[in-house]
Amino acid sequence: MSVYIHESSYIDDNVTIGKGTKIWHFCHIQSGTEIGNKCVLGQNVNISNNVKIGNGVKIQNNVSVYEGVELEDNVFCGPSCVFTNDLTPRAKYPKGQQLYKQTLVKHNATLGANCTILCGHMIGAFAMIAAGAVVTRDVKPYALMAGVPAKQIGWVCECGQVLEDNLMCQDCRRWYKLEEDNLLPGGGI
C-alpha cells in the first residue's frame, strides 16, 4: 500500500507517513510530524511541527492540527474543527513550543464540524463532540458533548449512536453500565 500525496501539497523534511495514507489538495505537513497508516487528510489541512497522528485518522477539510496536539488511532476531525495550543496568545510575546499546552485526543473520538478544542485537555476514547461545540475541559470516554461551553448531554456507543436511558445501543446492541459517573462497556453484540 503506497502513500498518496496530491501534487499541490507540501511535505517538509523529517516527516513520517504510514502506508495507505492519502493527503489531498493544498495540505502542508511540517517537520517532525508522524502520521500513521491508512489516514486521510482532506483539502487544506495543516499539520504543524512534531505532531503525532495515529493509524486510521480522518481529518476533514480546513483543519489545522497545531504543535502540542496528539491524535490517537481512528480519531475523526470534522470539517473546520479547531485546535489551540496557547490559552493566552500575544503576537508581540510569543511563548514558543516549550510552553504550548498539550492536548490528547484518545482513540476513536469524534470531533464535529466547526468545534473548538481549547488546549490542555484530554478528549476520552469514543467521545463525541457535537458540531460547533467549544470544549473547555477534559471529556470522559463515551461522553456526548454539545454547546458553548460544551457540556455533557449524554453518552454514545462505540459505534457512534447516542445511547438511550437503558444504556443499550439500538443499532449494534452493545450495552454499557455506569460506575461512579463513568460509562463502561458491559458487553453485547
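**Ground rules.** I am reading a predicted model, where local features need pLDDT of at least 70, side-chain atom pairs count only at pLDDT 80 or more, and totals for chains, interfaces and linings use all residues. Residues are numbered from 1 along each chain as its sequence is written, and side-chain values use heavy atoms, with hydrogens and water left out.

**The sheet.** I looked up the strands (DSSP runs of E, at least two residues, numbered from the N terminus) and how they pair (at least two DSSP bridges between two strands). Nine of them make an open sheet with mixed pairing, in the order 1-4-7-10-13-16-19-21-22.

**One pairing.** Next I checked strand 7 (residues 40-41), which pairs with strand 10 (residues 58-59) in the parallel sense over two bridges. Here Val40 stands opposite Lys58.

**Aromatic rings.** I then searched the whole structure for aromatic pairs (rings of Phe, Tyr and Trp, the last by its six-membered ring, with centres within 6.5 Å; planes under 30 degrees apart are stacked, over 60 edge-to-face, the rest tilted) and found three. The Tyr4 and Trp24 rings have centres 4.9 Å apart and planes at 50°, so I noted this pair as tilted. Tyr4 belongs to strand 1 and Trp24 to the loop between strand 4 (22-23) and strand 5 (28-29), so the pair ties together parts 20 residues apart in sequence. Elsewhere in my notes, ring pairs link Phe126, Tyr142 and Tyr176 into a cluster.

Notes. Helix = DSSP H or I, 4+ residues; strand = E, 2+ residues; numbered from the N terminus.
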